[in-house]
Amino acid sequence: MVLNYLPHTHRDPPQPEWSIEQLTEVFKSFDRDKDGQLSKAELRAAFNYLGSRFGYGRGRIACYKADNNKDGLINLHNDELTILVKYAYSCGYKVV
Ligand SMILES: [Ca+2]
Ligand SMILES: [Ca+2]
């Protein structure tokens, strides 16, 4: 037997957020000089693109959290990118 009701969240879907996969692609695309790493400026541009009003601060915090080897750059080929994406995801940016 099928119950004929929808949970009310079903009728009122939340605004879509960037998925982990989308965020990964966004950050990779902001490696403007293609050196395989995100500088603070590249990071800041990426956060601005995601809709952050605090791109500068977000970039700094993300770099602080994700920059495991403390070289001031986020490596796109190891855990640093994973941590960065998780941080951005936790900010809950909406796709506009
Ligand atoms: Ca770069
Ligand atoms: Ca690093």
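Angles under 35 degrees count as roughly parallel, those over 145 as roughly antiparallel, 65 to 115 as roughly perpendicular, and the rest as oblique. The model here is predicted, so to speak for local features pLDDT has to be at least 70, side-chain atom pairs count only at pLDDT 80 or more, and totals for chains, interfaces and linings use all residues. Residues are numbered from 1 along each chain as its sequence is written, and chains are lettered from A and ligands numbered from 1 in the order in which they are written.

Let's start with helix 4 and helix 5, which pack at an angle of about 135° with 9 Å between their axes. (Axes are lines fitted to C-alpha atoms, for helices over the stretch in contact, and angles run from 0 to 180 degrees between N-to-C directions.) The two helices are therefore oblique to each other. Their crossing is right-handed, meaning the near helix is turned clockwise from the far one by less than a right angle. On the helix 4 side the contact uses Ala62, Lys65 and Ala66, and helix 5 brings Glu80, Ile83, Leu84, Tyr87 and Ala88; contact requires C-beta atoms, placed from the backbone, within 7 Å. Sorted by class, that makes six nonpolar, no polar and two charged residues.

Helix 4 also packs on helix 3 (residues 40–50), at about 125° and with the axes 8 Å apart. That angle makes helix 3 oblique to helix 4, and this crossing is right-handed. Lys40, Leu43, Arg44, Phe47 and Asn48 of helix 3 meet Gly55, Tyr56, Arg58, Gly59, Ala62 and Cys63 of helix 4.

Now for the core. In the largest nonpolar core, with 17 residues, Phe27, Leu43, Ile74 and Leu84 touch the most other members; such a core is a set of buried Ala, Val, Leu, Ile, Met, Phe, Trp, Tyr and Cys residues joined through C-beta atoms within 7 Å. Helix 2 (20–29), helix 3, helix 4 and helix 5 (79–90) each supply at least two residues. Beyond its neighbours within four places in sequence, Ile74 is in contact with residues including Leu38, Leu43, Cys63, Ala66 and Leu84.

Asp71 sits in the loop between helix 4 (55–66) and strand 2 (74–75). Asp71 counts as exposed because it has 10 C-beta neighbours inside 10 Å (exposed is 12 or fewer, buried 20 or more, partly exposed in between). Its C-alpha is 9.8 Å from that of Ser39, 32 residues away along the chain.

Notes
Helices (H or I, at least four residues) and strands (E, at least two) are DSSP runs, numbered from the N terminus. Two residues are in contact if their C-beta atoms, placed from the backbone, lie within 7 Å. Ala, Val, Leu, Ile, Met, Phe, Trp, Tyr, Cys and Pro count as nonpolar, Asp, Glu, Lys and Arg as charged, and the others, Gly among them, as polar.
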